[in-house]
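User: I would like to learn how to read a protein model feature by feature, with the general idea given before the particular case. Could we take the structure below as the worked example?

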Amino acid sequence: MDIAFTPSVRAAQTRRGSRDAYARKAVKGTARTAIDAGFAAFVGTARSFYLATASSNGQPYIQHRGGPPGFLHVLDQRTLAFADFAGNRQYISTGNLDENPKAMIFIMDYRTRHRVKIWGTARVIEDDAALTRTLMPERYAARAEAAIVFSVESWDTNCPQHIPTMVFAEDVEALTDSLAALEAENARLRNQLAEAPVATPDRP
């Protein structure tokens, strides 16, 4: 599948010298269409992604979506879904999808410097409370207003060049807490050793 390579993209590749390489890849498809195990595992760890939509006249819009790991669900080999949390109530993505279902999801993992781009179509489902509840993360402090179901047409990965390595603050806090606990236990054992009586050999 060569979904992203429009004539203009191919022309740009020709000008800049990469078209031959991508033409060879296009024989078997430059992107994948089904969600495999590796893709599903990557999605399951995502805490953040970007949703791109456009209005009917082509005005683009990108919105950040975040939540605990697993808030983006794999429903089957061609479908992703997530709860649409209440936010600033502009509803630009919702309005765009009402006009134009074409959408894209871009997932970036700064810890491992991996990124995945996903093309497809999306729809907002506002009248299925059961589905919305299913997609809502447990014990997460947010209110879901609807569900967004994303039909995957194609997906591909990018190289890690120029991606900065970053970690989540809560992960750093967890490591700091673990280190503090280990240091406290080490100090306790040192004190215990220092207070232990020293055995002296019996003299004849």
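Analyst: A contact here means heavy atoms within 4.5 Å. With that convention, residues 24 or more positions apart account for 70% of the contacts in the chain with a separation of 6 or more. This is a predicted model, in which local features need pLDDT of at least 70 and side-chain atom pairs count only at pLDDT 80 or more, whereas totals for chains, interfaces and linings use all residues. Residues are numbered from 1 along each chain as its sequence is written, and side-chain values use heavy atoms, with hydrogens and water left out.

User: How many helices and strands are there, and in what pattern do they follow along the sequence?

Analyst: Helices (H or I, at least four residues) and strands (E, at least two) are DSSP runs numbered from the N terminus. By that rule the chain has six helices and seven strands, arranged along the sequence as α-α-α-β-β-β-β-α-β-β-α-β-α. The chain is more spread out than a compact globule, because its radius of gyration is 25 Å, well over the 17 Å that the globule rule gives for 204 residues; the radius is taken over C-alpha atoms, and the rule is 2.2 Å times the number of residues to the power 0.38. Along its principal axes, the C-alpha trace spans about 100 × 50 × 30 Å.

User: What share of the residues is buried, and which residues have the most contacts inside the largest nonpolar core?

Analyst: Buried means under 20% relative accessible area, exposed over 50%, and partly exposed in between (1.4 Å probe, protein chains only). Buried residues make up 30% of the 204 residues in the chain. In soluble globular proteins, nonpolar side chains tend to be buried together. A nonpolar core is accordingly defined as a set of buried Ala, Val, Leu, Ile, Met, Phe, Trp, Tyr and Cys residues joined through side-chain atoms within 4.5 Å. The largest one in this model has 32 residues, and those with the most contacts inside it are Phe39, Phe49, Leu80, Ile105, Ile107, Ile118 and Phe150. Elements giving two or more residues to this core include α3 (37-45), β1 (48-54) and β5 (102-109), while its largest share, seven residues, comes from β7. Leaving aside neighbours within four places in sequence, Phe49 is in contact with residues including Phe71, Leu72, Phe82, Ile105 and Ile107.

User: Is Ser93 buried or exposed, and which residues does Ser93 touch?

Analyst: Ser93, which is found in helix α4 (residues 92-99), counts as buried because its relative accessibility is 3%. Not counting residues up to four places away in sequence, Ser93 touches Leu51, Thr53, Tyr61, Gln63 and Arg65.

User: Which value of phi does Tyr91 have, and where does Arg113 lie?

Analyst: Backbone angles can be read together with location and accessibility. Tyr91 has a phi near 60°, a positive value in a residue other than glycine; Tyr91 lies in the loop between β4 and α4 and is partly exposed, with a relative accessible area of 35%. Arg113 also has a positive phi, of about 60°, although it is not a glycine, and Arg113 lies in the loop between β5 and β6, where its 30% relative accessibility makes it count as partly exposed.
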